[in-house]
Every structure is written in C-alpha cells, then in structure tokens.
Amino acid sequence: MSTMANDTVATAASGVRLGLPLAIGAAFAFGMSGGWARGLMDAGWTPGAAVTARISVAALVLLIPTILSLRGRWGLLRRNIGLIAAYGLLAVAATQFFYFQAVAVMDVGIALLIEYTAPIAVILWLWLRRGERPSRRSILGAVIAFVGLVLMLDIVTGAEVNAAGILWALGAMVGAATYFLLSAKADTGLPPVALAGSGLLLGAFGLIVAGAVGVLPIAWSTDGIAYRFGTVPWFVPVLAMGVLATALAYLLGIASTRMLGSRLASFVALAEVVAALLFGWLLLGQLPDLLQALGGVLVLAGVVVVKLGEPVPATAAEFVEPLPEAPPVVKPQRSL
C-alpha cells in the first residue's frame, strides 16, 4: 500500500512539473490578445468583429485536431453537450467579447486586472448561494483587492471613470470564473483539445449568428493596423489572436488546469496580467502611472490572499488507506 501512495504522490508531482510551464505558456498567450485587438479597434473594427475573427480562426485551427482526438467517439460530445455549450458560449465567446468591449475604452492591463478579481466573486457567490462562509484571510484579501481596485481606477484623484468599461470588465470576470471551473472537470472523458475545439466552434457559430441577425454589431476594415513598432496588414493581428492567443492558449490552459487543478491553475494564470501589461506596452505604448501600478499590485496581492484563504483540497496521500495494524503477538506460556 505504501508503494501505491508513493506512486500516487510521484504522479501528482510529475503533473505539477509538466503543468506549470503549460500554464505559464497559456497565460502569456492569452495576455497578448488585448493588445492586438485594441489595434484592430483603433482602425475601425468593432469588438464584435474582432472577437468573432479571433474565435473563428481558432476554431478552424483546432477542427482537425479535435476530430482526430475523438477518433469516432462522437457520443462524448452528446453526453457533454451542456458542458460544451457553457464553455463555448459563456467561458469563451461571452468572456472574450466582454473583455474586448472593455479594452476598447480602457487600458489593456487595467481591464484584465478587473477580470482577474474572479476568485473574489466566486467566494462571494458560494457564501450567498451555499452558505459557505469565507475565512478571515479571504475577507482580508477581498478588502486589499478592493483598495487596489480603487487606486487602479484612479478614483481618488478625481479622474473620469469609464463606467461602461468597468461593467464590461466585470462581465469578463464572471466568464473567467466559469472558464476555470469548467476546465478543471477531468471526469468528462473529453480530451482537452476536443473540449477546446468544440467549445470554440460553438462559440464562433453563436457569434456569427448574433452578427447576422444584427444583435452583435459587426464592422471591419482591410486597412493596415498601426502599432507602436509600425503598421502591419490586418490579417497579422487576426492570425496572432486566433492561432496564438486563442487556439494555443485554450489548449494549454485546459491541459494545465487538469494537471494542476483549478486552485493552483488560477494562481499561475495571474501571470496573464503581467503578460497583458507587457504586450500593452510593446504593441500600444500603454503603461499605468505610479498610483495605478500600486493599485494593480494590491489587486494581485488581494487575489493571492483570497486564494490562500480557501480550504486546501486533500492531497493524494490522504486518499491512501492506512495499513491494517498487525495483530498482537501472543507468547506461548511455559508449562511448569
């Protein structure tokens, strides 16, 4: 039995060693999307057009790998249709659309920092919905993050706050929480590429239909797109968003979350904020001022404290049954 315990712990450690670089890669891939998208929107693209192009390209890239990963097991799609629908329409399409709407009117890094207050919203929802009272540490973290949010939005200096941008970013926050919860489901039988590919395909279909009926404003331009380093053809940011920031990012994100679990994966995913700030500077020249940077640090610190305040899941060793106690040894008595 001790051999089983050692094998289980070794497997978990191996998963962490492989999952961490995959999660960091996913975070940096996701982080570049806002900078590329803002360039498109500054050139006349609507957020709806940018997100539809992004998800459609990613769905096409993953179509063949998705079919190959299923190998004729189409019943998996039918059994998980609810999961795929929630993933494609909410965790993918709605989340990215809300984020692009926020990016259109505010800095990339600030929009993403608001989105990444998702763990606080999850804890609040569990408290109100299920009566799971948060720990003192989680409450402290929420307060720290709220103070950071106030500083980051520059409210204390009397600067004009874009209320619409904040609301769009909060909508993206809800979708981000959904993404982590759905990606962590490892008992569905769906390979990671199949979940990513089918979800992206459904999300792209929903966005195209919404645009066709006029619910989602769609407008684009074939003019060159200006960035800090120069002007590029319109298809360069579209391909960068679709192939790198979506197809590759979602694939790495699902695979790493299944290896690490939603708790650890959501910690590592905070690297996306750093990536968004980096690409926002490289592509657009956007940099937060000193007060906003301090607020951003407090938001990240608050989210970390909130996550540390959550109950820690049992480790693999705790699931191993203890060895039965050996029966007492009875010494034979000598006859007199």
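Colleague: Leaving aside its neighbours within four places in sequence, with which residues is Ile55 in contact?

Modeller: Ile55 is in contact (heavy atoms within 4.5 Å) with Val92, Ala93, Gln96, Leu200, Gly203, Ala204 and Leu207. This is a predicted model, in which local features need pLDDT of at least 70 and side-chain atom pairs count only at pLDDT 80 or more, while totals for chains, interfaces and linings use all residues. Residues are numbered from 1 along each chain as its sequence is written, and side-chain values use heavy atoms, with hydrogens and water left out.

Colleague: Which residues touch the most other members of the largest nonpolar core?

Modeller: Ile55, Tyr87, Tyr99, Phe100, Leu200 and Tyr250 do so, in a core of 74 residues. Such a core is a set of buried Ala, Val, Leu, Ile, Met, Phe, Trp, Tyr and Cys residues joined through side-chain atoms within 4.5 Å. The most residues, eleven, come from helix α5 (residues 81-103).

Colleague: Why is Ile24 called neither buried nor exposed, but partly exposed?

Modeller: Buried means under 20% relative accessible area and exposed over 50%, with partly exposed in between (1.4 Å probe, protein chains only). Ile24 has 41% relative accessibility and therefore counts as partly exposed. Ile24 lies in helix α1 and belongs to a surface nonpolar patch together with Phe28, Val274, Leu278, Trp281, Leu282 and Leu287. Two or more residues of the patch come from each of α1 (2-31) and α12 (271-284), and α12 gives the most, four.

Colleague: What makes the meeting of Asp42 and Arg38 a salt bridge?

Modeller: The term requires a side-chain nitrogen of Lys or Arg within 4 Å of a carboxyl oxygen of Asp or Glu. The N to O distance between the side chains of Asp42 and Arg38 is 3.1 Å, so the pair qualifies. The structure holds one salt bridge. Because they are four residues apart in helix α2 (residues 33-42), Asp42 and Arg38 are separated by about one helical turn. Asp42 is exposed, at 55% relative accessible area, whereas Arg38 is buried, at 16%.

Colleague: How many helices and strands are in the protein chain?

Modeller: The protein chain has 13 helices and two strands, taken as DSSP runs numbered from the N terminus (helices H or I, at least four residues; strands E, at least two).

Note on methods: Patch = residues over 30% accessible without salt bridge, like charges linked within 9 Å, V, L, I, M, F, W, Y side chains within 5 Å. Areas by Shrake-Rupley, 256 points an atom, 1.4 Å probe, with all protein chains shown as cover.
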